[in-house]
Amino acid sequence: MDKQPDIRGIGMTSPRTRGRLVARLRERGISNEILLDVINGTPRHLFVDEALSHRAYEDTSLPIGYNQTISQPYTVARMTELLLEEGTPRRVLEIGTGCGYQTAILSGLVEKVYTVERISALLDRAREHLKTLGVRNVQFKHDDGNLGWPERGPFDGIIVTASPRHIPAELLAQLEPGGRMIIPVGTDEAQHLTLVRATDEGYETEVMEKVKFVPLLAGRS
Ligand code: SAH
């Protein structure tokens, strides 16, 4: 008998499976209904290796190769909620595309996403995933995200999904007044989600909960 080509999707995409993830995020305090709706509509199993797809709707990070991970859904939701808290930004810069899951969530919420990844193989994969989903409002760049994307800036939202010891000056410079940046700052041992608001006078910084991200590295590979 022929193997069923789409077998990996069966069960994974069932409304019940995804509904459970959204219920879990609600329980943990995520309350932005538009965001929860987008998460509910985004097939996370397409972003992970087939061997792990049965775990795609657990609230956990998973390996994606090259020593990197797909972020935990709660973390993606929390960072996105913080980014949107005082109004939805129009143009968002994302540093650390990875497999493109966070990119996909953002693309469903804002007008335009600019995403930068230093590992070209991951960027290619993310591009494919988003194409499969029919996403058209994302531009990709293979570069060191410490530099941001000056040719496309300034941005009214910046989200960084790898952790630097200090906030890169280039990213601050590309945040427009009124804009917000969410970034996990710290060392391997202790990182904190940090919210930066750009004002006409300068920057306001708020240090929030502890998180665990891979380090923001320098250069490309
Ligand atoms: N946003 C992803 C999380 C990816 S993990 C998700 O939705 O799951 C963090 C990613 O940041 C990795 O892919 C890593 O290669 C990338 N990264 C680390 N340092 C970087 C840098 N300087 N510039 C761009 N990307 C970087």
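Which atom of G145 lies 2.7 Å from a nitrogen atom of the ligand? Select G145 and the ligand: the atom is a backbone N or O. This is a polar contact (a pair of N or O atoms within 3.5 Å).

Before going on, some ground rules. The model is predicted, so local features need pLDDT of at least 70 and side-chain atom pairs count only at pLDDT 80 or more, while totals for chains, interfaces and linings use all residues. Residues are numbered from 1 along each chain as its sequence is written, and side-chain values use heavy atoms, with hydrogens and water left out.

Select S71 next. One of its backbone N or O atoms is 2.8 Å from an oxygen atom of the ligand. Then select N146, where a side-chain N or O atom is 3.5 Å from a nitrogen atom of the ligand. Of the 580 Å² that the ligand exposes when taken alone, the protein buries 99% (accessible areas by the Shrake-Rupley method with a 1.4 Å probe).

Colour by secondary structure (DSSP runs numbered from the N terminus: helices are H or I of at least four residues, strands E of at least two).

**Two backbone features**

Select Y66, in the loop between β1 (62-65) and β2. Its phi is near 55°, a positive value in a residue other than glycine. Move on to P154, in the loop between β5 (138-142) and β6 (155-160). The peptide bond from G153 to P154 is cis, with omega near 0°. For background, most residues other than glycine have a negative phi, and most peptide bonds are trans.

**The whole chain**

Zoom out. The protein chain has six helices and nine strands, and its C-alpha trace spans about 65 × 40 × 35 Å along the principal axes. The radius of gyration is 17 Å, which agrees with the value near 17 Å for a compact globule of 221 residues; the radius is taken over C-alpha atoms, and the globule rule is 2.2 Å times the number of residues to the power 0.38.

Note on methods
A polar contact is a pair of N or O atoms within 3.5 Å; within protein, one must be able to donate a hydrogen and the other to accept it, and residues adjacent in sequence count only if both atoms are side-chain atoms.
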